[in-house]
Amino acid sequence: MTQSAEHVLDHFELFRGPEYQQMLANKKKMFENPRDPAEVERVREWAKTPEYREKNFAREALTVNPAKACQPLGAVFVAVGFEGTMPFVHGSQGCVAYYRSHLSRHFKEPSSCVSSSMTEDAAVFGGLNNMIDGLANTYNMYKPKMIAVSTTCMAEVIGDDLNAFIKTSKEKGSVPAEYDVPFAHTPAFVGSHITGYDNALKGIIEHFWDGKAGTAPKLERQPNEKINFIGGFDGYTVGNLREIKRIFKMMGIDYTILGDNENVFDTPTDGEFRMYAGGTTLEDAANAIHAKATISMQQYCTEKTLPVIGNHGQEVVAFNHPVGVTGTDAFIMALSRITGKEIPEELALERGRLVDAIADSSAHIHGKKFAIYGDPDLCLGLASFLLELGAEPTHVLATNGSKQWAEKVQEVFDASPFGKNCHVYPGKDLWHMRSLLFTEPVDFLIGNTYGKYLERDTGTPLIRIGFPIFDRHHKHRYPVWGYQGGLNVLVTILDKIFDEIDRNTNVPAKSDYSFDIIR
Amino acid sequence: MSANRIIEESQMSVTEKQSVAEIKARNKELIAEVLQVYPEKTAKRRAKHLNVHESGKSDCGVKSNIKSIPGVMTIRGCAYAGSKGVVWGPIKDMIHISHGPVGCGQYSWAARRNYYIGTTGIDTFVTMQFTSDFQEKDIVFGGDKKLAKIMDEIQELFPLNNGITVQSECPIGLIGDDIEAVSKTKSKEYDGKTIVPVRCEGFRGVSQSLGHHIANDAIRDWVFDKINPDTPARFESTPYDVAIIGDYNIGGDAWSSRILLEEMGLRVIAQWSGDGSLAELEATPKAKLNVLHCYRSMNYISRHMEEKYGIPWCEYNFFGPSKIAESLRKIASYFDDKIKEGAERVIAKYQPLMDAVIAKYRPRLEGKTVMLFVGGLRPRHVIGAYEDLGMEVVGTGYEFGHNDDYQRTAQHYVKDGTLIYDDVTGYEFEKFVEKIQPDLVGSGIKEKYVFQKMGVPFRQMHSWDYSGPYHGYDGFAIFARDMDMAINSPIWKMAKAPWKQAPKPFLQAAE
């Protein structure tokens, strides 16, 4: 017996003891009908080959370990960025349990969201009654200022009409007639979570600007000097929005963040649970129509939203999740151009510090090869940053990336001498990435938590940047945008590089001559 | 004696003074209070799910396994979660296709800590996400052809898989796909390969629970009933062969259970389903006894094996030394003296460890109160383990329990006056905890941060908060350590800023 009260062993060590090891070996041998170990080894090696890669890339129907989620997740994410807003997902209830768990596991925060709990009878007769009862319950129990409705694939397949259902619910008195219930159809079988973000945000904007589904006059745009900012689906939303607000303040810019998740995913532990925290006020959401321009930090999260905003007469500008010097330069200069505000010296100093840091460390990154996967905009931002560090983003993969996205990534490659041997993979998954890492190895992999399986199997060290990050804590609190954010990304990459150098040079009397104290 | 200590003791004595009658009155008042928030119709429905337990009653006096009410923030999941997430997902040498859009498989990907040994991606596949990633055209034209092609691609790229299951997501049943036909055709094409279609669409039933049942039935129909009776056994039977049913090996639970059964002289021929394999499922009808931990999710198949193969089944509880000893003796009672002596030997062997664990942790946990809200067996099964540490469970409820769960709870576990809440809503749970102020809440990831924000210590009792195992004697040491760590963490004293603490009376007097 290895367990003791003094030194309690949990799963990390307990099962390595001889009793358990013998038990498990016996279980396998006697009862699991295991494959011949030689055969397992043969297949394991075969799965590393170019031949396997070819078969793997010939897949037409099967998806293995995708790097994307479904639409309603994005809809829920953006909804809680509005003041006092409860996301209400019309359809099966299990979906909502999944979104809430997913967001809580990443942010280590509560995630409030309700479902209309449709079951078999609703599948036959439609979910109108679920909507009527659900809105009334949510309104009474959780006293939200707004209920933002989206859909699961169940409601989409049976064709429930949100506009009509919400109208009927109001007639039945579920919520007051003038109460804000924006909605968006968010079928899980179209696009991904970033599409859902886009659809839901568009739904909210159209609600406030275009007459609240025919129940109020459309707003008349009276241009002012404010600008709107949209972050997109962003695992770093807490740190990023805090940083963006700091920059706006520094520049003296009057702004509205549309979908302000900064506080709701970063509430204090002080004895009180805040179901709602911060967020874009409903008044600001409506008044955002008058702004001079709207800036989206992630083009592929706002493909439908930006044209709607543009059609109301505003300038719209989209970035691709800018990370690093040139990306941030373009963002800051666009801010200055649009608002007419000068770029303060403080920002120039911050920029200089980032350039300084890169110069100090560049020798350790220059020429290193990276594989990147993640959402389309994040991939673009990171690939650009790596290129300006003199590194090579050899494989860039987005499961939810389109052909147009791939062309854009290719343009980024083509603009840099370091992009010559780099390739982009739209619509591929992490099992494709596995083949890439075996057949065209790189020095480092950048991705979310699921990348740890690739790290284990291929030996490529994983740098965790993306969403979700379940197995490291608090990364979402640190920005990756702005010059400050660029510094954070740089340090995250460098830490891994130095750890790897040390790990590869620490064998006494073998390799530890390079185990340098100064690097 | 420090001031803090005095305050703590005076608070304790206040609690002690509360009689059961007072607690019952308070809990009843509390139920009436939370119901006020609901519209009338909802209040009426929810009232049936909330109660104060009266000792001597045969159940907890609540309705259960009824549809959740729209819009109330139920904690429940769906049938897919019950089948793919619970029953089938852990079977390690089969590939489980999340059939439909990408999300369901993505959110449940490796989230349940079903430990297993194997070379992932080569001969085992538990922590992978296989999906048919439905697109609009699949909804419009149907997904059967795609499913067939997926099976071909699986055969090509993962040749050492021992079987395939199709875990249906909502759209499958709505668009009229015939996954059974595809499965049969492909099984024939691949020499009788085990391919199991599972109709666990998320809209079926009222919670995970129906998914368990559907998954159990799928094993019956597509594994048991397909076994060729002429196939020679893979091993020689012994009189001591048992199968562990309803242990998902979360953090290694089934392993720290198996070791005890083997130490007492039994031979475990199958694990359902944590670290389980198709061969183990197929061999289970040869067991002499099925020992059932999670009654809720696997009583169906246990009853079936009893009827069809004459295998008796026996519920057990491996949380905490009292229940473990009771369970080992109960299991042994199905066997001869050799096994009965074995059970005594195992109990004696671990007694010193248990004594040491309790000596270390009980003084730090004595008198602490707990509120639970979990799924499966845990709302009752863990009560004994808390009591072994001198703690008291003052409120409990099931996410997806049925009346037979509440009967077992009432008859064997909860104390008079315990607050019972079935399919609790976010609002109710928050209010109950706010008023009762337990020293610990045990529930899931969706609840964890809500209560921690309130300054209440919390442990996830689905995933063991990334710790474990909690089953068996080895697990109890970890359980005790973790509960102590949660409750006695210094951080909970810091939740209120010192300048925002309520002024003490003597301070006011000094002013």
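Predicted model: local features only at pLDDT ≥ 70, side-chain atom pairs only at ≥ 80, totals over all residues.
1. Every value below was computed from it, and residue numbers start from 1 along each chain.

2. **Extent of the interface.** Start with the contact between the two chains. On the chain B side, 120 residues are in contact with chain A, and 103 residues of chain A take part. The size of an interface is often given as the accessible area lost when the parts come together. Here the area buried between chain B and chain A is about 9400 Å². Carbon and sulfur atoms give 63% of that area. Which residues of chain B lose the most area to chain A? They are B:M73, B:Y107 and B:K453. Together these three account for 10% of what the chain B side buries.

3. Chain B and chain A are joined by 11 salt bridges. One of the salt bridges between the chains pairs A:K27 with B:E280. The closest N and O atoms of A:K27 and B:E280 are 2.9 Å apart. By class, the side of chain B that touches chain A holds 59 nonpolar, 33 polar and 28 charged residues.

4. **A strand pair between the chains.** Strand β1 of chain A, residues 63-64, pairs with strand β3 of chain B, residues 130-131. The two strands run antiparallel and are joined by 2 bridges. Within this pair, A:T63 stands opposite B:T131.

5. **Strand β8 of chain B.** Look next at β8(B), residues 289-292. Are its faces covered or open? Both are covered. B:L289 and B:V291 are buried on one side, and B:N290 and B:L292 are buried on the other. Strand β8(B) has a parallel partner in β6(B), residues 241-247, over 4 bridges.

6. **B:R204 in its loop.** B:R204 sits in the loop between β5 (195-198) and α10 (208-222) of chain B. The side chain of B:R204 reaches the backbone oxygen of B:R199 at 3.2 Å. Leaving out residues up to four places away in sequence, B:R204 touches B:A79, B:G173, B:R199, B:L210 and B:I214 in chain B. B:R204 also touches A:E120 in chain A.

7. **B:K431 in helix α19.** B:K431 is found in helix α19 of chain B, residues 426-436. Beyond its neighbours within four places in sequence, B:K431 is in contact with B:L30 and B:V34. B:K431 and B:K41 are 390 residues apart in sequence. Their C-alpha atoms are 20 Å apart in space.

8. Over all chains the count is 74 salt bridges. B:R329 and B:E344 form one of them, at 2.7 Å from N to O. B:R329 lies in helix α14 (residues 321-332) and B:E344 in helix α15 (residues 337-365), so the pair ties together parts 15 residues apart in sequence. B:R329 is partly exposed, at 41% relative accessible area. B:E344 is partly exposed too, at 37%. B:E366 and B:R362 also meet in a salt bridge, at 2.8 Å from N to O. B:E366 has a relative accessible area of 38% and counts as partly exposed. B:R362 is partly exposed at 29%.

9. B:D482 and B:R459 meet at 3.0 Å, N to O. Why does this pair link separate parts of chain B? B:D482 lies in helix α21 (residues 472-487) and B:R459 in strand β14 (residues 458-460), so the bridge ties together parts 23 residues apart in sequence. Both B:D482 and B:R459 are buried.

10. **A network in chain A.** Salt bridges also link up in chain A. The network consists of A:R242, A:K245, A:D260, A:E262, A:D266 and A:R477.

Methods. Chains lettered and ligands numbered in written order. Heavy atoms only, no water. Contact = heavy atoms within 4.5 Å. Buried area = accessible area lost by both parts, 1.4 Å probe. Salt bridge = Lys/Arg side-chain N within 4 Å of Asp/Glu carboxyl O. Nonpolar A, V, L, I, M, F, W, Y, C, P; charged D, E, K, R; others polar. Pairing = 2+ DSSP bridges. Buried < 20%, exposed > 50% of the residue type's maximum accessible area, 1.4 Å probe, protein only. Polar contact = N/O pair within 3.5 Å; in protein donor to acceptor, adjacent residues only side chain to side chain.
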